[in-house]
Amino acid sequence: MAIPLKGEDVAQVELHSLHLRDGLDVPNWILSEQERHRAAAFRSTEARRLFVAGRFLCRRILGNLLGCPPQALTIAITSSGRPYLPDHPDIDFNISHTHDRVALAICRGGRIGIDIERPDAFSEDEASEIMPMILSEQELNQVRQLDRQHRRDALLACWLQKEAALKCLGHGFLTDPQSVMLAPEDTTSSINNQVSGEPIFIRCGRIGDREAGDFQWAIATSRLVAEPRWQHHISGISL
Ligand SMILES: CC(C)(COP(=O)(O)OP(=O)(O)OC[C@H]1O[C@@H](n2cnc3c(N)ncnc32)[C@H](O)[C@@H]1OP(=O)(O)O)[C@@H](O)C(=O)NCCC(=O)NCCS
């Protein structure tokens, strides 16, 4: 994994994703005691499995990257719930999960946020209901000119990008999503963010295979020390 060493003026962005096959048992031995307590508190088995898988992926990949045993990695959480590495301020990461997928985005030399969703995340009716809460007036006018199917696709794209941006900024939906303005036609776009004034760069994509089905992703980066270089890994981690 070619993450540059400290001092090299390059922002490196990685996307790792893990498909949780049916019946797959995700081991929790790698988690901290605090994480195991949190896992045990989930009422939903599915939510617990996704949380454990997220931390498993994160500890395995980041431990490998930093040359330390995965269980020895300290992962702290901000007051708004954002996990980070207090001992490695030059490395940022973010996790997203949906159904049977977990994704991890890592950035050296900047801040990062990720969101993943399945293409059928919203029905057309749900899309119509959610749109006014998420989109700015201008975005809403653009999307309303589309037919119902394209409207749903456009909303999903906006949702992914905005959630990734809000996670990059660090407060999630505690920040008003309408304060983040998108250019929805672009696959790589910079956005105006009225929250901190910093530019945020977003890249989107779709990944799929016959077994796991498709999912869409958006990664937002900010405070980059240089133009990001991208890598994507489908994790071949054995569980
Ligand atoms: C952050 C947020 C958008 C994530 O929504 P979600 O539907 O769970 O979406 P995802 O699966 O994409 O992301 C979950 C992951 O985002 C990360 N995350 C949590 N809070 C975050 C935040 N404020 N900023 C960035 N990332 C965050 C976590 O790693 C979490 O996974 P984990 O709990 O398994 O470690 C949503 O939880 C939110 O808006 N939170 C606002 C802050 C809040 O309410 N905090 C209360 C708890 S302190």
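**Entry 1: helices 3 and 5**

I looked up helix 3 (residues 124-134) and helix 5 (residues 148-169), which pack at an angle of about 45° with their axes 9 Å apart. Helices are DSSP runs (H or I, at least four residues), numbered from the N terminus. Axes are lines fitted to C-alpha atoms over the stretch in contact, and angles run from 0 to 180 degrees between N-to-C directions. Helix 3 and helix 5 are therefore oblique to each other; angles under 35 degrees count as roughly parallel, over 145 as roughly antiparallel, 65 to 115 as roughly perpendicular and the rest as oblique.

I noted that the model is predicted: local features need pLDDT of at least 70, side-chain atom pairs count only at pLDDT 80 or more, and totals for chains, interfaces and linings use all residues. Residues are numbered from 1 along each chain as its sequence is written, and side-chain values use heavy atoms, with hydrogens and water left out.

**Entry 2: helices 1 and 2**

I found an angle of about 160° between helix 1 (residues 33-41) and helix 2 (residues 45-66), whose axes are 8 Å apart. That makes helix 1 roughly antiparallel to helix 2. In helix 1, E35, R38, A39 and A40 meet R48, F51, V52, R55 and R59 of helix 2 (contact means heavy atoms within 4.5 Å).

**Entry 3: the ligand**

I asked which residues are closest to the ligand. I recorded a ligand oxygen atom 2.6 Å from an N or O atom in the side chain of S96. For D115, the distance from a ligand oxygen atom to a side-chain N or O atom is 3.3 Å.

Conventions. Helix = DSSP H or I, 4+ residues; strand = E, 2+ residues; numbered from the N terminus. Near = heavy atom within 4 Å. Polar contact = N/O pair within 3.5 Å; in protein donor to acceptor, adjacent residues only side chain to side chain.
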